Amino acid sequence: MAAARSAATKIDWTRITSSLGLKGSTATSLQAFKKRNDDARRKLAALKNQPQTVDFAKYRSTLNNTSVVDEIEGHFKGWKPVTYDVGRQLKAIEAFEGQAVKSAEETKGRVDEEVKALEKTLENIETARPFDELTVDEVAAAQPEIDKRTEQLVSKGRWQVPGYKEKFGDLSVL
């Protein structure tokens with residue numbers, strides 16, 4: 001139990017959230033859990049600092065009616081802490097943990113897919129021929145929408161691409 005307590009105090013919550021790239025409901029749930037954890041730690045520390053013994057002899061010497069002190073002492077000594085069935089809470093925690101694991105696995109799957117796609121894109125970029133070595137037919141084969149857009153502009157009698165002069169200047173003076 002002491003090892004679990006010392007490990008729990010060393011958790012870097014912000015690092016967990018940022019290093020795992022948690023977003024949305026997973027990050028919100030983790031922050032809510034952290035808040036409950038911090039609140040419980042604060043309450044536990046406050047309770048540990050409170051005195052735990054009652055000096056009934058002092059009250060007997062101070063008060064004239066010692067029967068009241070005797071009655072309270074009897075109740076105090078006869079008091080037994082109430083035990084609670086925490087099974088329901090444990091089931092809720094396990095369900096939350098299962099949902100968090102499931103959400104993390106889904107996120108990991110999406111991230112893995114995105115990494116694979118990015119690696120494939122990077123490989124395409126690295127193995128691609130330089131732009132100045134490509135032919136018009138190769139560009140049209142790779143991006144058919146460029147060819148379609150060009151045909152559309154020519155069919156309407158437009159020979160210049162809109163915005164070209166603004167971006168690259170007028171080359172007709174050359």
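How do the residues of the lining of the second largest pocket divide into nonpolar, polar and charged? In this predicted model, they divide into 3 nonpolar, 1 polar and 1 charged. To see them, select Phe-33, Arg-36, Asn-37, Ala-40 and Ile-93, which line this second largest pocket, and note that H3 supplies the largest share of the lining, 4 residues. The volume of this pocket is about 220 Å³.

Of its 17 lining residues, select Leu-22, Thr-26, Ala-100, Val-101 and Ala-104, the closest to the pocket's centre. Helix H2 (13-20), helix H3 (24-49) and helix H6 (87-127) each give two or more residues to this lining, and H6 gives the most, with 9 residues. By class, the lining has 10 nonpolar, 6 polar and 1 charged residues.

Then turn to the salt bridges, of which the count comes to 8. Within helix H3, select Asp-39 and Lys-35, which lie 4 residues apart, about one turn of the helix; their closest N and O atoms are 3.2 Å apart. Asp-39 is partly exposed, at 24% relative accessibility, whereas Lys-35 is exposed, at 53%.

Select Arg-60 and Glu-73 next, a salt bridge whose closest N and O atoms are 2.0 Å apart. Because Arg-60 lies in helix H4 and Glu-73 in helix H5, the pair ties together parts that are 13 residues apart in sequence. Glu-73 counts as buried at 14% relative accessibility, while Arg-60, at 29%, counts as partly exposed.

Finish in helix H6 with Asp-112 and Lys-108, which are separated by about one helical turn and form a salt bridge with closest N and O atoms 3.0 Å apart.

Terms used: Residues numbered from 1 in each chain as written. Predicted model: local features only at pLDDT ≥ 70, side-chain atom pairs only at ≥ 80, totals over all residues. Heavy atoms only, no water. 1 Å grid on protein atoms, 1.4 Å probe; cavity = no way out; pocket = protein on both sides within 12 Å on 5 of 7 lines; lining within 4 Å. Nonpolar A, V, L, I, M, F, W, Y, C, P; charged D, E, K, R; others polar. Points joined across faces, edges and corners; volume = space filled by probe spheres on them. Salt bridge = Lys/Arg side-chain N within 4 Å of Asp/Glu carboxyl O. Buried < 20%, exposed > 50% of the residue type's maximum accessible area, 1.4 Å probe, protein only.
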